[in-house]
Amino acid sequence: MEKLRNRIWDLYEAKGLPRHVAAGWALPETDTYDLMHVLTQKSPKRVLEIGSYVGITANLMASLLPGDVRIDAIDPNQPLRVEDGVMTQTELGLAMRPFDLGRAVAQDLGVGHKVFWHEGGSTTSKTYATENSSIDTAITVVGNDVCSAHGPFDFIFIDALHYESAVRTDLELAAQWLAPEGIIAMHDVLGKWGSHVRRALHGFLVEHTEFTLEHCPYGALNHGMGFLTRKGESRVDLQVAPAEAEKGLWQGPMVDACCAWINGHLDANRILFVGPDTHGHAATLASRGHEVTHAAREVAFGCKHLPWDEQGPLPPLPEMDLCICLHAALPRLGDSERLLAELCVCAPRVLVSATPPGELGVAHDNALPFQRWAQLFAQQGYAGTDLPLQHLDPWLYAIYNNPFAPNNSYGLFTWLFERTDQPITSHAISQSSRSAAMALDSLAMNSILMDAYRQIRNAGAEYENWIAWKRQADDRELQWVEWKKKTDERELEWMEYKRQAVEKESQLMQERGKQSAENKKGLFRTIFRLP
């Protein structure tokens with residue numbers, strides 16, 4: 001696929017679109033590979049792309065999918081100098097329109113019969129340029145007309161205007177026109193625009209409980225794709241290592257910090273701890289003098305045991321001061337809501353911890369957005385009063401360079417709900433949900449920081465290794481210089497010895513010559529009897 005992708009880029013450049021300009025809007029390389037991997041596994045017949053730009057992704061999809069595929073691409077199709085100029089804050093002399101480029105490249109690739117271009121907004125007349133400049137261009141909304149004429153779709157890719165309201169309406173349109181076994185792909189679930197996209201996604205999941213979200217771990221910062229499928233359908237293969245729950249929030253010092261916060265901020269002597277004490281909270285609270293009743297299969301050290309199979313209803317209990325459940329999101333939908341109602345019967349305050357939807361490895365299909373948790377508690381007369389993570393942030397900061405630093409969203413939705421007689425407004429729920437979304441964004445930033453710290457540490461270790469290697473190399477060089485010095489001295493000695501040997505050999509040859517001449521003279525005299 002790399003050769004095909006490079007060929008497509010080259011075709012766009014040959015038609016006047018510089019690669020550095022297109023790169024500001026086009027799908028990054030890693031996300032392209034993730035999207036195409038899922039797409040080719042699904043091998044859909046009908047594809048809808050919402051937000052096509054110049055059609056780079058549409059043409060790549062058309063080149064990879066069988067000949068009978070139909071791809072409908074929707075984009076406002078504004079002149080490139082309009083959208084790109086606002087995005088890059090530079091003067092671009094590009095009067096060409098995106099679809100003109102897209103059609104031309106499609107013809108060169110031989111896929112012009114597969115891609116159909118629809119000019120207009122999908123669900124809104126707004127664009128990035130109209131929202132961030134004085135440009136006021138009339139954009140026709142065509143999404144519903146396109147879907148009515150050519151839907152339903154087996155695969156829908158959304159990468160249009162990334163503001164929360166626009167993403168949400170695009171999701172609603174996609175859900176309406178998605179085939180029963182179809183997939184909705186979303187870009188920028190993680191990364192720079194992730195806060196807007198995630199808020200829209202979570203709001204969508206609150207209203208559409210039939211869908212499940214899956215995306216790469218937050219630490220995989222170069223993988224920004226997310227995928228929505230209906231529950232019961234096959235999962236997508238993301239080709240990355242899943243996150244590990246043991247690397248989540250509740251580990252090591254964070255458990256002590258949470259228990260210290262409970263001990264210092266909540267007047268709670270009698271505590272009901274529901275679910276397995278995986279991370280040691282119940283035992284730690286018991287060691288701090290709290291009267292802890294532990295509802296689980298196995299009791300934590302120092303706690304009173306309330307046998308519970310972790311599946312059926314909780315046994316009847318007297319009212320406690322505080323109920324804690326750090327495993328509030330259960331794998332079977334409906335059990336979480338039943339358990340929540342039972343927790344509210346037990347205590348006027350409930351501390352819950354759950355994992356937000358989506359992250360591969362730590363979030364299951366029925367993980368709920370925080371807004372849904374807030375709604376469920378509101379139905380029981382409980383309002384969110386405190387976000388313990390605000391108190392735990394200093395501990396998080398202190399362990400960035402520590403192996404206990406969390407690098408995924410396991411347990412990130414941690415909130416204290418309190419019984420109230422006051423009506424709980426939708427505005428209050430929305431505000432608390434946005435605070436939870438900020439916690440997710442903080443996690444993403446933490447991942448970036450931790451990744452940077454890891455790189456710094458690795459660079460430091462590599463530098464130290466290099467220094468050690470350089471020191472050894474210098475030592476060896478000194479040894480070599482010393483050896484070379486001795487070798488040179490020995491070579492001089494050998495040359496002197498050779499010179500002397502040559503001189504001696506020359507003298508010997510001369511002496512032998514003289515002796516030979518004398519011998520010859522003597523022999524001559526003897527033969528001829530000369531005096």
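Tryptophan 9 lies in helix α1, which spans residues 2-14 (helices are DSSP runs of H or I with at least four residues, numbered from the N terminus). The model is predicted, and local features need pLDDT of at least 70, side-chain atom pairs count only at pLDDT 80 or more, and totals for chains, interfaces and linings use all residues. Residues are numbered from 1 along each chain as its sequence is written, and side-chain values use heavy atoms, with hydrogens and water left out.

With a relative accessible area of 5%, tryptophan 9 is buried (under 20% relative accessible area, 1.4 Å probe, protein chains only). Apart from neighbours within four places in sequence, tryptophan 9 contacts Arg19, Ala22, Ala23, Ala26 and Ile56 (contact: heavy atoms within 4.5 Å). The C-alpha atoms of tryptophan 9 and arginine 19 are 7.0 Å apart, although the two residues are separated by ten positions along the chain.

Helix α1 packs against helix α6 (residues 98-109) at about 130 degrees, with an axis separation of 10 Å (axes are lines fitted to C-alpha atoms over the stretch in contact, and angles run from 0 to 180 degrees between N-to-C directions). Arg7, Ile8, Leu11 and Tyr12 of α1 meet Leu101, Gly102, Val105, Asp108 and Leu109 of α6.

The largest nonpolar core comprises 46 residues, and Leu17, Leu35, Phe155 and Phe227 have the most contacts inside it (a core is a set of buried Ala, Val, Leu, Ile, Met, Phe, Trp, Tyr and Cys residues joined through side-chain atoms within 4.5 Å). A second, separate core of 29 residues includes Ala295, Trp308, Leu343 and Ala354.

Technical notes. Buried < 20%, exposed > 50% of the residue type's maximum accessible area, 1.4 Å probe, protein only. Helix = DSSP H or I, 4+ residues; strand = E, 2+ residues; numbered from the N terminus.
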